[in-house]
Amino acid sequence: MRDRVGRRTVLVASAGLLATPWIARAQSNPIKIGIQSIFSGPIALLGTSSRGGIQPEIDRINAAGGLLGRQIQPVYRDSKGQPQEAARVARELVNTDGCEILLDAEASSGAFAVQEVVRDLGVLCVHSNSETSSLTADPKLRVATAFRSTRQGVHDAIVGGAHSAKVATEKKLSRWATCSPDYAFGRDTTAQFLEFLKHFKPDIEVVSQSWPKLGQPDFTEVITKILQARPQALYSALYAGDLSAFINQGNVYALFGAMQVFVPAMGDLPVLTAVKNLPPGIQSAARYLPTFPDTPANAAWYAQYRKANGNDYPTNWSWESATAMRFIEAAVTTAGATDGKKAAAALEGLTIDSPFSTTGKVTMRAEDHTLIDYAIGWGTTVPQPPFVTGIEPGDWGQIFELETEWKKKNGYI
Amino acid sequence: MGRAHTLRDIAIGCLVVAVLAAIPWMLPGKAFQDFVIRCASMALFATSLNLLVGYTGLSSFGHGLFYGLGTYSFALLMQKTTVSLPLAFLLTLLISAATAVVVGAICIRLRLIYFAFVTLAMQMLAHSVIISWVGLTGGDQGLQGGIPRRVVAGIDLGNQYNLYVFSAAMLVIGLLLMRHIVATTFGTSLRMIRDNETRAAFLGISVWRVKLTVFVLAAVFASAGGMVMSLFVSGAYPELINWPISGDAIFAIVMGGVGSFLGPTVGTMILLLLNDVVTRQTEYYGLALGIIILLFALGLRRGVLDFVTERLGGRPAGGIH
């Protein structure tokens, strides 16, 4: 056998070498907040428009003297949309970069991974983009120091179901078709929507269901399948680029004149502005619109966002992330500390002023650490700005009642 | 391999674990520990792939199947059953071995590019099953809810330092076992098959049996790496069984050196360091990584460790040039 000591020592030597970049850094004065999201690839808009909502808030706080007299220093990090990277980045932000708080702007799969890391690390974390209900509804997944500042799938399904049932009754729509992306989110959202639609209007018949692939460039097959089934109404959980492609191609086949269409994700400015000829009369949820709620506070926030972000439009993720930052600010101020336990105790049940609510206030519900009283409603599209009109706000009393029933049915309470 | 060499390897292995266990006492930051845990997971995976690629000449593009299977079987056993962690660990190794027997029996009859493609197809199949079987695996959202019962013999693997030492020990044990495998006569048979399969068959080696055995062994070590990752991310995610993860292992082997036993481990360190450093600096991670890999492929024309070994006048252990 040849002498291989040289190679063997590599392992020992490299252990020592690798240690050098991680020499412990002394805690400096600013409060570092770790902000992770997807900043690259096809859904980079998630990260960039979240950052667009967060950064002006931080600038505002810093200009006013900071938080507890300390400046806020954001540390933005790209997880590339991979859950194992999201978990690593969350650990790195806290363990290496010395972040005291996490603002997790990941999509759902990343958020669930971050949630488990937060369980281990015990820092304050506000998820600002994951709308999957189970993240906070399921007590098994709940974490003492983790919160969610976003709209929630089940809330949307209840309001969507109630609104759609009302429209369906008025227009006598009983034959329904669905067209949603073929993965857990698309299938869950569609099933939930139909569940609540049938709750409000039991005589619904689903005549056709299509499941296009994510990022599918050509929807011809799906559109002809829907047209052949001759439904009176169509529900679609498509969103972002897929949705604008679907609308543009559906226009060619006059799809939107042939049936009443319900699309919850339509009411978001990047989609509304990407569609070439926005068909009138689509029923849509307001994800973020400068006109809903139609208040000076919301209009001011919209103007300030566009000014701070090179005239880009804010997305639904922008208001959710801005809200996360405002809750962090309020919780740390109330607690007088950034410590996970103390700040979490302050955040539970906290109500803050917000432009994103019809009542002007949003609350972080204590029992399940999730956002309530935010602006939620459905309206009708028109081809010109403001794109969605006649928005009817959802009834939060009804949402709470049906949400509780839904939680019981799923064994969460 | 002589008994003295085996003992020396074991001694070095123990020393490495001891040094690693001591480092956090001098270096309180936890990032180094995170790095070692991920490195242990990925290095076990990459080295096990090198048993196939470097030592047997079987270019598997679907080895990530077993890595992902390790994460999912282990996480599911811990979540859905009441078995203890060590038992879940052993059961996962058994599940991976059994799966590898079936997959291997189908794949290893094929050669070269056909073998590569069928292994890749197998991994894609497994990924599709994970994505579609939402009730069991959580589909594309991954297996949520964390990993319970992480206390083994009074040691809580939920504790960062304990998991760190555990992962380092797993890596060293795994590497020692794999090193033992390639140093035995069985290891010689592997290299013989790689160099000339027909000649090996004429010399009385049951090529089919040897290939299947090494395929199963490699799967077992890959799934051990998967379990370390499962503990690190507290769950299992479809990305861990999707085909790019096999690509990562191949990158690690290419960068570290296909001909050196520790090449894949060194390659893993480089790959992870690059990932960590580059993602801190830029959002154009893919571009930076692509350029660096090109430099390796066109500039060095071999992995780092192969390059260093040759410069020092040695010959890579795997004997590939």
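Reader: In what order do the seven strands of the open sheet in chain A come?
Author: This is a predicted model, where local features need pLDDT of at least 70, side-chain atom pairs count only at pLDDT 80 or more, and totals for chains, interfaces and linings use all residues. Residues are numbered from 1 along each chain as its sequence is written, while chains are lettered from A and ligands numbered from 1 in the order in which they are written. Strands are DSSP runs (E, at least two residues; helices are H or I, at least four), numbered from the N terminus, and two strands pair if DSSP finds at least two bridges between them. With mixed pairing, the order in chain A is S7-S6-S8-S9-S10-S14-S15.

Reader: Which strands are the edge strands of that sheet?
Author: An edge strand pairs on one side only. In chain A, that describes S7 (205–210) and S15 (388–393).

Reader: How many bridges join S9(A) to S10(A)?
Author: These two strands, residues 260–268 and 283–288 of chain A, run parallel. Phe262(A) stands opposite Gln283(A) of S10(A). The number of bridges joining S9(A) to S10(A) is four.

Reader: Over in chain B, are H11(B) and H12(B) roughly parallel or roughly perpendicular?
Author: Their axes (lines fitted to C-alpha atoms, for helices over the stretch in contact) come within 7 Å and cross at roughly 110°. Angles run from 0 to 180 degrees between N-to-C directions; under 35 degrees counts as roughly parallel, over 145 as roughly antiparallel, 65 to 115 as roughly perpendicular and the rest as oblique. So H11(B) and H12(B) are roughly perpendicular.
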